[in-house]
Every structure is written in C-alpha cells, then in structure tokens.
Amino acid sequence: MRRNTICIIDDDPIYVFTLKTMIRIHNLFDHIIVFDNGQEALQYFQTSPHHDELPDLVLLDINMPVMDGWEFIDEFRNIKPKLSKQMPVYIVSSSINEADITKAQSYSDVAGYLVKPLKVADLQNII
Amino acid sequence: MYAEDLPLITENIRKHIESRAEIPFQCQVRFVHKNGSIVWIFCTGHITEWDEANNPIRLIGFAMDVSKQKQTEDSFKISQDQFAGAFEFSAIGMALVSTEGKWLKVNKQVCELLGYTEQELLATTFQQITHPDDLELDLLHVDLVLKGSIQNYRMEKRYFHKNGSIIWGLLSVSLVRDIDGCPLHFISQIEDVTEKKKIEDEIKQRDILFSRLSDQIPGSLYQFQLFPNGRSCVPFVTKGVWELFQLRAEDIKDDSSLLFNKICKEDFEGFYASILESFHTLKRWEYEFRVQLSGDQLKWIHGISQPEKQPDGSVLWHGYVTDITHRKQTEQELVNSFNIISNQNKRLINFAHIVSHNLRSHSGNLEMILDLLDTIKAKEEREKMMESLKSISASLSETINNLNEVVSVHTNKNVYTEPLNLKKCLEKALSTLAEEINTKGGTITDNIPDDIILQYNPDYLQSILTNFLSNSIKYSDPERKPAITIDAYDENGQLVLRIADNGIGINLERHGEKLFGLYKTFHGNKDAKGLGLFLTKNQVEAMGGHIEVESNINAGTVFKVYFV
C-alpha cells in the first residue's frame, strides 16, 4: 500500500507535537518523518533513495541550529536531481518579515511560504 | 612816405604853423625804403623864420631813424600783451597779492574759482576768505618768504566760496622784489583741487572701511603667490593672521616657509598638492588642513581662493582663510552620534526580529493547541495538550524576560560594578557547567592569574563566562574530547580574556553574523539565556569592551573578550 508521507523539518518540539496531532486528527498523512535540523534531513534523503521512503511533502522551518532552512535549500538543490522522487518543499515560519517572504519567493525550488501558526486548511490546500 | 602816415605829419605841421610854433612839430612816421622795407622816422623841427605876413619861411629840424626802438617798443608791447593774455586767460587761478595780503590783480580763473567778481576780490584780502584752520600755516609761510628764509611755498588750503561752500586750492606763492631786494608783491597761483580732495577723502573712507571690515571678520583675507621656480610668499594678509597662525604679515611677506612649517606633517603633502593643482589648472583652490601652534594647540583651517596668472609666470591667489576647529569638532560629534544611532538602529531591528520571530513562535503554538483542544476529547490526549500549554507559557515568559534583558542592557546607563576576582568567577561558571563538561569528557585548562581583579557587573561577568564556556562545549567535535584553555592577559592597556577550544570550529564567513545573532535557540529550553551570545555581546559592549573571534573548521575556535 502506498503511504502518504510528510516530512517536517523543525526544531521546535511543541510545534512539531501540535502539528503531528493536527495531521493525525484530520487524517492528512499516513506517515510523518521529523528532523530537527536541515543537516539530518539531507542525510536521510541521501541515504534512503527508495521511492516509498521519501516523503511526498516537506515542511521546512527557517531557524534551526547547525543548518538552517536557507542552507538546507541550497544543499537540497544539488541533490535533487539524484532523488527518485519530486518533493515539493514549503517553507513554514513564524516570521512575517518582508525580507524572508521575498527571499522564499526568489527560490525556484520552494513551492510556497506558509506562516505559523498553521491551520488545517493551509495543509489541505497544499496536498 | 607811407601813405597812411601822411595826414599825420601834414596835420602836425599845420598845427605848428597855426600856433606860430607853440605846438611843437614832432611825430613818428613810416617811410618806405627803396628796398621795400618800412622805416620808422622820428621827425622834429621848428620854424625859425617868419615873414611880415606870418608865413613860415624857414624850418630847421632833423629826422632820426627809430626803427629799432620802435621794434623794441613793439616787442615789449607784444610781451606785455602776451603776459597779460597768459595771466588773464590761464586755466589756473593767478593773482598778484600785496605783502599785506590784499588782492592786487586777479585773473578770470581766480574769480570763477572763488565766486567773486574782480572788483569784489580787489576790495578784500586773502586772509578774509581763507578757512581758519589753514590760515595760521599760510601766514607762517608768508612770513618766512618775506624774511627770505624760503623763496616760495606751496600748500593745500581751503577758501570760502562766495556762496559759503569750501573750495580746496593748491596754492603756489613766490615773492617779487625790487632792485634793492625789497618785497614788492606776491605772485600766487591757485589750482582747484576740490575734486581731487573729494576723491582722496573717498579713498581714505574706503580704506578705513576695509580696515574695519578686515579687522573684524574672523579669519584673514590674503594674497598668496607661487612662482615657477617654487618660491612662494604671502604679499598681503589682514590682521587675523596673528590669531590664526601666530605669525605677522611681515613674517611671510616674502617667503611663506614659516607658514608652511606650521602645517601638520600629515596634511602638508595633500595641502601642497592641491596648491600645485590650482596653479596648473587655474581653478579655484579650496582645502582644509590642520596647523600645529605653540602649546600643543591644534587648529583646523579652511582656505579658499581664486587664482590669476601673472605676466611673470607666477600665479596670484586672492582668498580667505578661517578657523574651523569648532566646526570640525561638531562634525566629529555628528559622526559619532550617527554611529551611535546606526548601532541603536541595528539593535532595534534585532529587537524587532526577536519580537517577530520568537514571540510569534510561541504564540503560534498556543493558537494551534487551542484550536486542537476543541476537537480532542480523550482525557489522556487533553492532558498531553495541557502539558504542552504549560511549556508554551514558560517559553513565552522566558522570551519576554530575554527581551527585557536586551532592553535593559542598553538603557542601563549606570551599570552597577564591583571589584571581581576573574579566576574565582571563572571557577563559578565552570561549576555550573560541570555536568555537561563531564558528560563529554572535557578538560579545562585554567591559566588565569590569581590576582586579576576586574571592576565589572557581577551578573554580566557571570553570564559572559558561562555563555562562552557553554558555547565551546556545544561546538565540540564529536571525534575528540573537548579541551578548553582559558587565559587572561594585558594587551595595550586592555584586559583580554581568551577562551580557546578544539571543537568543530565555525565557518565565520557563513555563520559569523549568526554567531552573535538572535535566532540561535540552540538548546532552546536548557539555556537560561536562550538568546545565547547575542546577549553576551551586548553585555560586553555595554561595559565598553568588544569581542573578537578566530576559528578554523575542525580545529577549534578562539574567543577574545576585551574588557575596558
């Protein structure tokens, strides 16, 4: 059975917990993968090339330790062609800073920009 | 006989005869010489014999050639006429004046000059129409000439015009003496110099005005000249030069070396280069430079002038120099203020970021949970939610506390300080991180001398030490055990604390900015100061110091904290 997988890259445990609960209640995804920084996520993508094991959607935070959202995207670009799956990456941030929003829009690899707090409708729209 | 004169002689003889020789026969008449020239003949005679009917029988007389005399007479008359003409029609006033001062003879110009008619003048003396302020000197000269001490004199004096106005005249007087040397009369020439005097006066007024202006203005008006052979001088400079440069005008009139010596060494090259440029391009010169005066006095001077090429190849500038030390100080203060404001602005932006991001993270989470709370009914789940709510609340409080700290570090002008033993404070910080250090198997090398006392705020110092040490531990390399070395020494009068680790190092190019930035909630809830090094940097800077970082990837990082 094909699983519907979402990948959350965020270091805020409360937010992750809340999001997971929301996804579960509304049955949005079957499977949730969580990383608390970009580095770990990249490692996972590179070492698990199986179609099924790669997520269908990525929600990416900007402010994380070790490797933040922007750095992740830069690296992600490089490995994207080698991946066996197209994964839309959405930036999710509590920043309503104009500069951040514009920057997100300038990356062609970013599918969209969502502002925390997330609502169910936000997720439903992008699935 | 000359035809015109014939009736003259005829008449003369007739009268002589009719008056029976009472009226003498004598007259001068002209004869025409055979060669065509005119000869003047003086004829005189007397009838000596008469007949019974009273008719003249014999006349005895003689004729004399008086041509020469006549010529002389005529020449003399012509001279006299000429003199009279010269006297009368001279453009300069001429007069004959008696030794007592009476006008004896005056020409037209004197009359026009003084406004009187000839008769009016001849009825008065020069003393009567001389200005009282000039009379004494005039009479003194008259006296000297009469005595023979001087031959003549010349003076400018004032006369009263008939209408009461003042006339300035240039008077030249000489004395005519008779054969025995006794004074006869004065010959006076009076030239109207009223207009000249007026112009002189205007020039004087203008000079006074210029002096007053140039003395009053701050700074100096000047002329500066540079010759092709490199010689330079200041031909003219107003009084202000003393106050500006402690030099007098004569010191630099022929050679400007003394002035150049006063210019600060660092500024002289640029100063001279700018002059040369103006010399060649003949464009306006403007420069600001410093001069060093006695007593360690340093002044900022502003000079501006317009060049003009001279026929001899030199260039002459006319310009103005002034002291702008005060202005420069104000400028510097402005720059300082600007820097302060720029920094404040940066901090404000940072602050806004904290609010925008950190606060919103927590409030966002709160919103999400509250949303979910409506749909979740199961008790266990709800309990989990409640836990989360508590956690969020704590995080919010913490963030707000951090914000308060950031604000207070900067608004706190008079931070409390006390003498602190650096080594002891370090040991205290190490003890709070003891667990983490032990977990990672880290070693600390403490090289701080026992006796270093620092006047500092105890909370800040504790926070600074703890944060840096904790940072070194965070960035430790998983491949090896962390080793941290701490030194303290003096560098150029500043106390430096050096914390070196052997961790993974930081790519300062990429992360340099973030290192002291705000978003780094590395260990979110563990750190008391979640804002990490941002706060530390602010604390160090608030106390007047600064931080320097060196780092090599996979080798380690060195933090140097400069205390004031």
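Which pattern does chain A follow when read along the sequence? Select chain A and trace the chain: the pattern is β-α-β-α-β-α-β-α-β-α. That comes to five helices and five strands; helices (H or I, at least four residues) and strands (E, at least two) are DSSP runs, numbered from the N terminus.

Before going on, a word on the model. This is a predicted model, in which local features need pLDDT of at least 70 and side-chain atom pairs count only at pLDDT 80 or more, while totals for chains, interfaces and linings use all residues. Residues are numbered from 1 along each chain as its sequence is written, and chains are lettered from A and ligands numbered from 1 in the order in which they are written.

**Stop 1: the sheet of chain A**

Colour the strands of chain A. They make an open sheet of five strands in the order β2-β1-β3-β4-β5, with parallel pairing; two strands pair if DSSP finds at least two bridges between them. Now pick β2 (31-35) and β5 (110-115) of chain A: each has a single partner strand, so one side of each is left without a neighbour in the sheet. On average, neighbouring strands here are turned by 20° against each other, direction ignored.

Next, select β1 (residues 5-9) of chain A, which is joined to β2(A) by five bridges. Across from A:I6 you will find A:I32 in β2(A).

**Stop 2: a helix on the sheet**

Select α4 (residues 98-106) of chain A. This helix packs on the sheet and touches β4 (89-93) and β5 of chain A; two residues are in contact if their C-beta atoms, placed from the backbone, lie within 7 Å. The direction of α4(A) makes about 160° with that of β5(A). Axes are lines fitted to C-alpha atoms, for helices over the stretch in contact, and angles run from 0 to 180 degrees between N-to-C directions.

**Stop 3: where the chains meet**

Show both chains: 18 residues of chain B are in contact with 17 residues of chain A. On the chain B side, α10 (325-375) and α11 (379-411) each supply at least two residues. The largest share, 11 residues, comes from α10(B).

**Stop 4: a hairpin in chain B**

Finally, select β7 (residues 166-177) and β8 of chain B, which pair in the antiparallel sense over nine bridges. B:V173 has B:S188 in β8(B) as its bridge partner. The two strands form a hairpin with five residues between them, and B:G181 in the turn has a positive phi of about 90°.
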